[in-house]
Amino acid sequence: MADNQPRGNEPKLRTGIYWFTNDLRIEDNRALSRAAERTSQLLCCYVVDPSWFTPNRYGLRPLGDHRWRFLYQTLVDLKHSLEGLGQDLLIIYQSPLDALAQLISQYDVDGLFRSQNAGFYENGLWQTLQRRYQFLHFEELATHTLFTAASLPFALSGLPATFSKFRKLIEPLNNGEDLCAVIQLPPPPRVNDRTLTKLPSAAGESKSEVFKGGANEGHRHLSRYFGTRLPSSYKQVRNALDGWENSTKFSPWLANGSLSARQILSALRHYESGVEANESTYWIQFELLWREYFQWLAHAHQATLFTLHGISRKKVLTSFYPERFQRWCQGNTPFPLVNACMKQLNATGYMSNRGRQIVASCFVNELDLDWRYGAAYFEQQLVDYDVAVNWGNWQYLAGVGTDPRGKRHFDIEKQTKLYDPDKRFIAKWRGETGATSLDSVDAADWPIINSESLR
């Protein structure tokens, strides 16, 4: 995995493409800065893949309405920011391979730049392009992590098997670099509007919308949060099921790269030096390191992140119960707290971290379902979906990931007493209005289950 560093005194490329992916910002974007340094003309593009809107192997859309609305807002914001630097953002609704092939040919491109990506599918596209266009200059830099592969104290093949070991090695290090400022970009080539295609409707603003997309909105939230005393009490309230102020809420902007992890860490350091450093502020860094671990785990294991037996390759016995799966998705189970969390997710595209652990535990343990279907549903619904964090966390909870203790099981009744003792959250999301049993039964009381073995 390359992490090319600027070398200086290199001849400029005539025309380059900057392919925005998981880095939808201008500030602290080393890959964009590198592209600006190397090219005389730069075409900035984002490719919306039509396959994101069609059912996948799990019968779900990879990109649900909440995520698409947030992404669309982010792209509009990025386009405006680029225009302020004399640039533009070409947004194309087409297969990435077809779209980039068309741009490479049409604009006589000689270089392609992007940020590194932890996703197996995304990396497959990049590798295919490299094989097809060996005459082009390809370059990618890490912008989605605190560290680069070169700065890690171990080779990627030697990534520690547990987070605890990773944290002990990484925590003493300083990520070492100042935030990258992009203040000037090369001009774009003349763009032929015929390359543009109509995007799927983003359905406008929703009354249940919790987050608004875009780097500018992300920056405002970052400033607001660290402009209060909330970081000093983060650890005490982070497990709350509801409430805007009970967690940092950085994750949606962090997920699509509107904010970088380094920007958040920089703001945290400024708060600690100017206001207070305590166990809660440390815990914000701790959570960033968890995210960091999942990113490198995804880089190291790639396709294994999506397999039933996971990174640990543990044997898992499971069946597919369509009715149970649909009830879980709809918040129609015998478990009121689970129902409330799922209804919140469906209505807003968001759920607390504690809620995610509870509903995932129910999915794997009480419902005996293949964890990958739950992960795929989160991918569709969560506005802060991150491929590494989502699939890594599901593997962790299902016992096929990095947790040496195996499968995690949260007692739903106990969780209700701890985090919703007065059942206000359940009442708010009408969690009590669920099914009284897991499965339908026929006249002879046999469960009606259409099951098939999954390998």
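Predicted model: local features only at pLDDT ≥ 70, side-chain atom pairs only at ≥ 80, totals over all residues.

Residues are numbered from 1 along each chain as its sequence is written, and side-chain values use heavy atoms, with hydrogens and water left out.

Two packed helices are described by the angle between their axes and the distance between the axes. Helix H13 covers residues 353-366 and helix H15 residues 387-398; their axes come within 10 Å and cross at roughly 55 degrees. Helices here are DSSP runs (H or I, at least four residues), numbered from the N terminus. Axes are lines fitted to C-alpha atoms over the stretch in contact, and angles run from 0 to 180 degrees between N-to-C directions. H13 and H15 are therefore oblique to each other; angles under 35 degrees count as roughly parallel, over 145 as roughly antiparallel, 65 to 115 as roughly perpendicular and the rest as oblique.

On the H13 side, Gln357, Ala360, Ser361, Phe363 and Val364 meet Trp394, Leu397 and Ala398 of H15 (contact means heavy atoms within 4.5 Å).

H13 and H15 also each supply at least two residues of the lining of the largest pocket, as do H8 (251-255), H10 (279-301) and H12 (336-348). H10 gives the most, with eight residues. Of the 50 residues in this lining, Glu287, Asn353, Arg356, Val389 and Asn393 lie nearest the centre of the pocket. A pocket is an open set of points on a 1 Å grid over the protein atoms alone, where a 1.4 Å probe fits, with protein on both sides within 12 Å along at least five of seven lines; lining residues have an atom within 4 Å of a point.
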